[in-house]
Amino acid sequence: MPRTLDVYPQEYFKRQDETPDMLFYEQPRPVVHIDDEAILTLSRFYADVLPAKGAYLDLMASWRSHLPVPLVKPDRVVGLGMNAAEMGDNPQLDEGEIWVQNLNEEPTLPFADGEFDAVLCAVSIQYLIQPLEVFQEVHRVLKPGGIFAISFSNRCFPSKATAVWLATTDQQHIELVASYFINSEGWGEIQARVKNQETGSPAGEDPLYILWAPKAPEE
Ligand SMILES: C[S@@+](CC[C@H](N)C(=O)[O-])C[C@H]1O[C@@H](n2cnc3c(N)ncnc32)[C@H](O)[C@@H]1O
């Protein structure tokens with residue numbers, strides 16, 4: 001299976017702040033990273049596309065998961081992120097289902113094959129320095145047909161975002177994330193939903209870009 005550095009130049013994944021991510025994330029930040037309209041767009045998307053029941057993994061989780069409960073009624077929601085206090089404050093994560101793990105040091109997920117019906121990664125993909133390894137792990141822990149949904153806007157913590165993210169436009173971010181699906185292999189149709197000024201969103205609102213794909217059925 002292709003590794004990130006087999007496919008992309010190493011310079012793409014350099015960051016201004018190369019100190020261990022744990023130092024940056026040890027302080028809880030109980031804030032949302034997109035405005036109310038973008039959160040509503042994300043919640044509506046989850047209502048439209050996620051299986052109404054089943055097990056979800058919120059990857060790179062914090063204190064909110066933006067799930068449109070009760071439109072979706074997952075049996076289980078697991079969080080994996082960098083800060084236990086942030087995830088402990090998240091009312092949508094199940095008790096005892098919080099994992100603190102630095103995906104940039106350890107991309108292997110602590111879950112069994114086919115454990116999840118959906119994996120969500122909200123406004124965080126720009127921080128991954130081994131995206132193909134993480135995508136392959138997400139693929140492993142999803143059931144066939146399970147959805148991996150990635151959302152992002154145009155804001156980030158620049159010191160921790162990858163060089164390729166900072167050097168590219170919103171449109172190029174869509175292409176970059178699509179390339180992570182393609183190069184990590186084993187996904188069905190990649191789809192996108194966009195909320196920005198070009199799609200009629202008023203000036204001043206945060207844009208939101210959502211890419212998702214199902215795990216392709218086994219051959
Ligand atoms: C901008 S916040 C987004 C949080 C949440 N997904 C949301 O929608 O509000 C970025 C999140 O990415 C997580 N994160 C950043 N670097 C990470 C890493 N190396 N490994 C795992 N999680 C990471 C942090 O825990 C943080 O909660």
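## Basis

Residues are numbered from 1 along each chain as its sequence is written, and side-chain values use heavy atoms, without hydrogens and water. The model is predicted: local features need pLDDT of at least 70 and side-chain atom pairs pLDDT 80 or more, while totals for chains, interfaces and linings use all residues.

## Ligand site

The ligand is surrounded by 17 residues (a heavy atom within 4 Å of it). The closest are Asp21, Met60, Asn102, Leu103 and Ala122.

Polar contacts are pairs of N or O atoms within 3.5 Å. A polar side-chain atom of Asp21 is 3.0 Å from a ligand nitrogen atom, and a polar backbone atom of Ala122 is 3.0 Å from a nitrogen atom of the ligand. A polar side-chain atom of His66 lies 3.1 Å from a ligand oxygen atom. The protein buries 98% of the 590 Å² that the ligand exposes when taken alone (Shrake-Rupley method, 1.4 Å probe).

## Helix pair

Helices are DSSP runs of H or I with at least four residues, and strands are runs of E with at least two, numbered from the N terminus. The axes of α5 (residues 131-141) and α7 (residues 170-184) come within 9 Å and cross at roughly 65° (lines fitted to C-alpha atoms over the stretch in contact, with angles from 0 to 180 degrees between N-to-C directions).

## Backbone features

The peptide bond from Val69 to Pro70 is cis, with omega near 10°. Pro70 sits in the loop between β1 (55-59) and β2 (76-81).

Val123 is not a glycine, yet has a positive phi of about 45°. Val123 is in the loop between β4 (116-122) and α5.

Notes:
A polar contact is a pair of N or O atoms within 3.5 Å; within protein, one must be able to donate a hydrogen and the other to accept it, and residues adjacent in sequence count only if both atoms are side-chain atoms.
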